[in-house]
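Here are my notes on the aromatic side chains, as promised. Have the structure open while you read.

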Amino acid sequence: MIIIKKRDIIFIGVILLIALLSGLFFRIVESINDTGNLYAKVIYQNEEILMIDLKTNKYKIYDTEYKNLIHSGLADEGIFYVPGKTTLDMTELYKTDQYAKDNNIVGIKIIVKDQKISVAYQESPKDLCQLQSPTSSPLIPIVCLPNELTINVYTDIESDEFIPDSILE
């Protein structure tokens, strides 16, 4: 028979209160830094390759060695294709995505919908990054380690820091 002492209950209560307050603290800090803007930065092999405005689907392709591997032809619909290290077999995507098939796209399919970003298609051993839910929170990045890809959301970037570069489009 297990006997729960009064000190045990107090200890558990204090731990739960600390957890609740720290979660609340992070949300408050996030809202203080919030500029009303919502951007996602796509990082491939430790280089920023793409930044997307999650409200308007405007984007900026960074001048990197990967710029020619980024496809933004469906950006108005919130669809982007970026490189991935293990995503090389596109057979499954080509069955459902005629645009990708017609343009011979090889890479990860990213979707922006309802001001949230998610990975719609990729190839990796367990497809974990594809299973992550859409995010619009800086506290919840999308991480795809096998493909060496991360997507971070930022709410503290001023709109003048985001200037789409029409030269690279």
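Predicted model: local features only at pLDDT ≥ 70, side-chain atom pairs only at ≥ 80, totals over all residues.

1. Searching the whole structure turns up 3 aromatic pairs, and two of them are worth a look here: Tyr-59 with Phe-80, and Tyr-81 with Tyr-99.

2. Start with Tyr-59 and Phe-80, an edge-to-face pair with 5.6 Å centre to centre and 75° between the planes. Tyr-59 belongs to strand 3 (residues 59-61) and Phe-80 to strand 4 (residues 79-82), so this contact ties together parts 21 residues apart in sequence.

3. Next comes Tyr-81 with Tyr-99. Their ring centres are 6.0 Å apart and the planes sit at 25°; because planes under 30 degrees apart count as stacked, this pair is stacked. Here strand 4, which holds Tyr-81, is linked to helix 3 (residues 98-102), which holds Tyr-99, and the two residues are 18 apart.

4. On accessibility, Tyr-81 counts as buried, at 1% relative accessibility. Tyr-99 is partly exposed, with a relative accessible area of 25%.

5. Last, a charge over a ring: which residue lies over the face of Tyr-154? That would be Lys-41, at 5.0 Å from the ring centre.

How values were computed
Residues numbered from 1 in each chain as written. Heavy atoms only, no water. Phe/Tyr/Trp six-rings, centres within 6.5 Å; stacked < 30°, edge-to-face > 60°. Helix = DSSP H or I, 4+ residues; strand = E, 2+ residues; numbered from the N terminus. Buried < 20%, exposed > 50% of the residue type's maximum accessible area, 1.4 Å probe, protein only. Lys NZ or Arg CZ within 6 Å of the ring centre and 35° of its normal.
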